[in-house]
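Hi everyone, thanks for coming.

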Amino acid sequence: MSRWLAALPLVVLVGLALLFGIYSLNRNPDVQPKALVGKPMPELVLPSLEDGRDVAVREATAGGPVLVNFFASWCAPCEIEHPVLMDLKQRQIRVVGIAYKDAPENTRAFLTRLGDPYAARLVDRDGRAGIEFGVTGVPETYLIGADGMIIDKHTGPLTGADAERLIARADR
């Protein structure tokens, strides 16, 4: 009996490894959750990075279509996509930035160092806005229509091709 008890942790470990293996073989890594696509943007109020005053996200995105980009200073992929965002700004395409789980002073330093591509800068210090939007990790970019509906979502750093795809969806 004591041999079975001694072997029990090993049996449980093998069982968990088997379950994990089956899950990962059946999981499609290209599937990106887009639960809010086609639905209204969440009604949120976030502090402005500049002065801390409360700003309704819907107000910041009024006159869309507009891109809403969740980013953070601690996010390496956010630095990779930053030149694409700067190009969008130069092309007069509005992008609202939401600093996700980041200290405002770090966000300011990040934007000072790399340039500021955002028409508005909001702070989601505790990550609640990210939860409301369905953010799975930064960077993530949402295309918001003039009517406040979420048209599309891109997970990961934007490339030029990704940005063009989102812009093309806005023109439909």
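This is a predicted model: local features need pLDDT of at least 70, side-chain atom pairs count only at pLDDT 80 or more; totals for chains, interfaces and linings use all residues.

Leu16 belongs to a nonpolar patch on the surface, together with Leu5, Leu8, Val11, Val12 and Leu19. Between them, these side chains have about 590 Å² of accessible area.

Okay, let's zoom out. The protein chain has six helices and seven strands, and from the N terminus the order goes α-β-β-α-β-α-β-α-β-α-β-β-α. Its radius of gyration is 20 Å, well over the 16 Å that the globule rule gives for 172 residues, so the chain is more spread out than a compact globule. Along the principal axes, the C-alpha atoms fill a box of roughly 70 × 40 × 30 Å. As for burial, 41% of the 172 residues are buried.

The partner is β4, residues 95–100, which pairs with β5 in the parallel sense over five bridges. To get from β4 to β5, the chain goes through helix α4, residues 104–114, in a right-handed β-α-β crossover. If you want a landmark on the pairing, find Gly97, which stands opposite Arg121. Arg121 also turns up in a network of salt bridges with Glu50 and Asp116.

Speaking of which, how many salt bridges does a search of the whole structure find? It finds 11. One of them joins Arg113 and Glu79, with the closest N and O atoms 3.0 Å apart. Arg113 sits in α4 and Glu79 in α3, so this pair ties together parts that are 34 residues apart in sequence. Then there's Arg91 with Glu164, at 2.6 Å from N to O. That one links the loop between α3 and β4 to helix α6, 73 residues apart.

Last one: Lys153 and Glu140, whose closest N and O atoms are 3.4 Å apart. Are these two buried or exposed? Lys153 is buried, at 3% relative accessible area, and Glu140 is buried too, at 0%. Okay, over to you.

Technical notes:
Residues are numbered from 1 along each chain as its sequence is written. Side-chain values use heavy atoms; hydrogens and water are left out. Two strands pair if DSSP finds at least two bridges between them. Helices (H or I, at least four residues) and strands (E, at least two) are DSSP runs, numbered from the N terminus. A crossover is right-handed if, with the strands pointing away from the viewer, the path from the first strand over the helix to the second runs clockwise. Patches are made of residues with over 30% relative accessible area and no salt bridge: like charges are joined within 9 Å, nonpolar side chains (Val, Leu, Ile, Met, Phe, Trp, Tyr) within 5 Å. Accessible areas come from the Shrake-Rupley method with a 1.4 Å probe; for residues, only the protein chains shown count as cover. A salt bridge is a side-chain nitrogen of Lys or Arg within 4 Å of a carboxyl oxygen of Asp or Glu. The radius of gyration is taken over C-alpha atoms; the globule rule is 2.2 Å times the number of residues to the power 0.38. Buried means under 20% relative accessible area, exposed over 50%, partly exposed in between (1.4 Å probe, protein chains only).
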